[in-house]
Amino acid sequence: MRNYLLLTPGPLSTSETVRNAMLQDWCTWDKDYNEGVVTAIRSELLQIAGLGDEYTTVLLQGSGTYSVEATLSCCVGPQDKLLIFANGAYGNRMADIARYHKLDHTLVSLKETEQITVDIVRQSLAAHPDTTHLAVVHCETTTGIINPIEDIAEVLRGSGITFIVDAMSSFGGIPIDIAGLGIDFLVSSSNKCIQGVPGFGLIIAKRTALAACEGISRSLSLDIYDQWKEMEQGHGKWRFTSPTHVVRAFFQALKELREEGGIEARHRRYEENHRILVQGMREIGFTTLLPDAVQSPIITSFLYPEQTFVFADFYEELKQRGFVIYPGKISEAPTFRIGNIGDVFPDDFRRLVDAIADIRR
Ligand SMILES: *Cc1c(COP(=O)(O)O)cnc(C)c1O
């Protein structure tokens, strides 16, 4: 039995079978692990992303931010110029990373409810013609807003600018044509839409772009070039202690993604979760922060229904009924957030909406 459903990506709710994969200790020194599990995961990631030999993957210990930091601090060289777009905490975090590593960068900071549009990207590139790298968040989990990476890719096409996408909360849950969009580095993690547990990040990179990172890293443990070399040459060997239980759970989670019907099928389930949630919440009298046109099916922000609304009480009452949600994360308006991703299904959202209606009665 579950204690409660996590609607807080991430961590998010995982299946019992994924959790059970962690109930053994596993060795890391033989082919069963390095080839049978790690290399299999790396190939499967390329496969579900529809990628061929032109792309490769790196797995890196730590939460998702470690992989974003590793990517930025390995691919932006001393002569390069990074342009970052932010409409939420995760975009701003990339700028924090750039500051820590003293990368030459510009941050284009938008309101949290404002989508990063093609016009904004064009204008910023015109203002910073020396840009060599561009970084953007796909689904800003701060609010749930989706940024149009397809349109941004069109602006970048043929420019030679390295395209870095934080697709942490969307990869595996929203189809992304990584090769078609010319994405050089896409970063995600074990505990979002693949529905594993937290513990490592994953970077899907164009081989040529990753090869160009050699010798740039400002950090030993975050050197994705070195990590990649070791994984390639050691046939799945991690440089430092690998999070074996998390990796086993992720391996199982990938199997379950395949059984569900792949990314398209998972995307449909998340959309259905989201549709039931929003329709139900609107019937109860709640309003979404974002207009539907820019809203992702990953996580949804709702405005406080009245000034006297006490989130802490609402949170507790919901938790007692088996649902854990997120507080808001923005300054513009008082909000709370409900995630739609994880091992959660339309019926869970019907029960959630009923529980909320009951609390609000
Ligand atoms: C979850 C997430 C991250 C990484 O957060 P961690 O807490 O380090 O795992 C980065 N970007 C986005 C968009 C996210 O949703």
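Author: The ligand sits in the largest pocket. On a 1 Å grid over the protein atoms alone, a pocket is an open set of points where a 1.4 Å probe fits, with protein on both sides within 12 Å along at least five of seven lines. A molecule sits in a pocket if more than half of its atoms lie within 2 Å of its grid points. This is a predicted model: local features need pLDDT of at least 70, side-chain atom pairs count only at pLDDT 80 or more, and totals for chains, interfaces and linings use all residues. Residues are numbered from 1 along each chain as its sequence is written, and side-chain values use heavy atoms, with hydrogens and water left out.

Reader: Into how many nonpolar, polar and charged residues does the shell around the ligand divide?

Author: The shell includes Ser63, Tyr90, Arg93, Asp166 and Lys192; a residue is near the ligand if one of its heavy atoms lies within 4 Å of it. Ala, Val, Leu, Ile, Met, Phe, Trp, Tyr, Cys and Pro count as nonpolar, Asp, Glu, Lys and Arg as charged, and the others, Gly among them, as polar. The shell divides into 4 nonpolar, 5 polar and 3 charged.

Reader: How much of the ligand's area does the protein bury?

Author: Polar contacts are pairs of N or O atoms within 3.5 Å. An oxygen atom of the ligand lies 2.5 Å from a side-chain N or O atom of Ser63, and one lies 2.7 Å from a polar side-chain atom of Lys192. Of the 380 Å² that the ligand exposes when taken alone (Shrake-Rupley method, 1.4 Å probe), the protein buries 87%.

Reader: Which helices each supply at least two residues of that shell?

Author: Helices are DSSP runs (H or I, at least four residues) and strands likewise (E, at least two), numbered from the N terminus. The protein chain has 12 helices and 14 strands. Those that supply at least two shell residues each are helix H3 (64–75) and helix H4 (89–100).

Reader: Where does Gln195, with its positive phi, lie?

Author: Gln195 is not a glycine, yet its phi is about 70 degrees. Its place is the loop between strand E9 (185–189) and strand E10 (200–206).

Reader: Which peptide bond is cis with omega near -20 degrees?

Author: Gly10 lies in the loop between strand E1 (5–6) and helix H1 (16–20). A cis bond with omega about 10 degrees joins Gly10 and Pro11. The bond with omega near -20 degrees runs from Pro9 to Gly10.

Key:
A polar contact is a pair of N or O atoms within 3.5 Å; within protein, one must be able to donate a hydrogen and the other to accept it, and residues adjacent in sequence count only if both atoms are side-chain atoms. On a 1 Å grid over the protein atoms alone, a cavity is a set of points where a 1.4 Å probe fits but cannot get out, and a pocket is an open set with protein on both sides within 12 Å along at least five of seven lines; lining residues have an atom within 4 Å of a point.
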